[in-house]
Amino acid sequence: MEHAPQKALRERGAHGRNRAHGPTAHGAIDACYSTRAGPRTLRGLKHLLIIYHSQSGKTATMAHAVRRGAMHPEIESVDVRMRAAADADPRDLFWCDAVIFATPENFGYMAGAMKDFFDRTFYPCQGRLSGIPYAVVVGAGNDGTGALAALRRIVRGFPLRESQEPIVCSGPPGEDVLARCEELGATMAAGLEIGMF
Ligand SMILES: Cc1cc2nc3c(=O)[nH]c(=O)nc-3n(C[C@H](O)[C@H](O)[C@H](O)COP(=O)(O)O)c2cc1C
């Protein structure tokens with residue numbers, strides 16, 4: 001039989017420590033929450049957020065690699081939350097200590113869903129975020145610079161602070177790109193853990 005504290009820990013792990021959204025609010029998207037279940041959730045964790053959009057799956061593959069890196073077993077005190085841009089809201093930004101954005105380039109710009117996320121969160125976040133570190137991953141067909149430039153310009157106003165080199169992938173993400181994405185996730189998470197930012 002499952003005891004109440006075990007159930008509580010399991011649920012906290014499944015939905016992130018600061019559980020702003022329940023399973024009924026976002027349905028299947030909850031599957032994207034990390035599951036750092038266990039006593040760790042009772043300690044002072046840092047929070048890493050991954051916001052992504054993907055139409056055909058390429059950028060999602062990169063975002064999942066970022067998450068894999070961030071959830072490296074040696075990084076124990078960082079909770080990772082991954083959210084589709086369309087489902088994310090200001091509470092996700094309030095929750096996090098660092099954020100990684102992963103977007104495709106569409107028509108020389110970031111994906112519309114990512115832009116919509118910024119449109120929806122800008123006013124609610126005004127004056128409430130102070131230079132949270134961020135990094136960017138772009139999945140492109142042949143360029144990617146337009147999406148990167150647009151995203152950088154927008155987040156400067158939140159304000160967020162770019163803390164790692166971006167990853168821009170043209171074409172299908174190969175092993176090398178995915179390894180870099182994993183490394184980015186691990187670097188951001190480890191940086192949070194040791195208080196580097
Ligand atoms: C509507 C649309 C517009 C696109 N515009 C660009 C573009 O301006 N520059 C570019 O390099 N790739 C462009 N692409 C290609 C995508 O960026 C590329 O296929 C990307 O890997 C898709 O990522 P996703 O599978 O995560 O959606 C475009 C794709 C679509 C569907």
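Guide: In strand 7, Ser170 is the bridge partner of Ala140. The model is predicted: local features require pLDDT of at least 70, side-chain atom pairs count only at pLDDT 80 or more, and totals for chains, interfaces and linings use all residues. Residues are numbered from 1 along each chain as its sequence is written.

Visitor: In which sense do strand 5 and strand 7 pair?

Guide: Two strands pair if DSSP finds at least two bridges between them; strands are DSSP runs of E, at least two residues, numbered from the N terminus. Here strand 5 and strand 7 pair in the parallel sense, over four bridges.

Visitor: Why does Cys96 count as buried?

Guide: Cys96 counts as buried because it has 26 C-beta neighbours inside 10 Å. Its place is in the loop between helix 4 (90–95) and strand 3; a helix is a DSSP run of H or I, at least four residues.

Visitor: Which residues does Cys96 touch?

Guide: Contact requires C-beta atoms, placed from the backbone, within 7 Å. Not counting residues up to four places away in sequence, Cys96 touches His47, Leu48, Leu49 and Ile132.

Terms used
A residue is buried if 20 or more other C-beta atoms lie within 10 Å of its own, exposed if 12 or fewer, and partly exposed in between; C-beta atoms are placed from the backbone. Two residues are in contact if their C-beta atoms, placed from the backbone, lie within 7 Å.
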